[in-house]
Amino acid sequence: MPQDMPPSGGYEPVQYRRNLPVRGFRPAYYLAAVGVIMTYGFYRYGQGIREQNELAREKMWSRIYLIPLLQAEEDRDLVRKTLASRAMEKELLGAETKVYNSDRFVRPTYAVTPANITK
């Protein structure tokens, strides 16, 4: 029995690839588009950081400029409290008493204590 041999000229090539149409752009275009979008995003992010820094600086300087006004308000409040305290002492004790041995003004210290909690 003779052996089967390939046909003369050989077999036709086997088609193992699929001939599908190419969909979409080349990957390099997608990569370039993502790069442009990210660059714009980082640019806007940097602008936002600069704006926040500028607002923080402006806020700090506005508080610095308000310090004399707040200090004057605190001083007026302290004088009012001191005069009210002296008037109350004079009313209760009948005479004006001095705590210190000098007339030099000593800034009172008010200790902040938590409220008494009863259970």
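The side chains of Arg57 and Glu54 meet in a salt bridge at 2.6 Å, N to O, a salt bridge being a side-chain nitrogen of Lys or Arg within 4 Å of a carboxyl oxygen of Asp or Glu. This is a predicted model, in which local features need pLDDT of at least 70 and side-chain atom pairs count only at pLDDT 80 or more, while totals for chains, interfaces and linings use all residues. Residues are numbered from 1 along each chain as its sequence is written, and side-chain values use heavy atoms, with hydrogens and water left out.

- Of its 119 residues, 2% count as buried, where buried means under 20% relative accessible area, exposed over 50% and partly exposed in between (1.4 Å probe, protein chains only).

**Salt bridges**
- The structure holds 3 salt bridges.
- Arg57 and Glu54 are 3 residues apart in helix H1, and therefore separated by about one helical turn; Arg57 is partly exposed at 40% relative accessible area, and Glu54 is partly exposed at 36%.
- Asp77 meets Arg80 in a salt bridge at 2.5 Å, N to O, and Lys81 forms another with Asp77, the closest N and O atoms being 3.8 Å apart, so that Asp77, Arg80 and Lys81 are linked in a network of salt bridges.

**Ile64**
- Ile64 is found in helix H1, which covers residues 27-93, and counts as partly exposed at 37% relative accessibility.

Terms used:
Helices (H or I, at least four residues) and strands (E, at least two) are DSSP runs, numbered from the N terminus.
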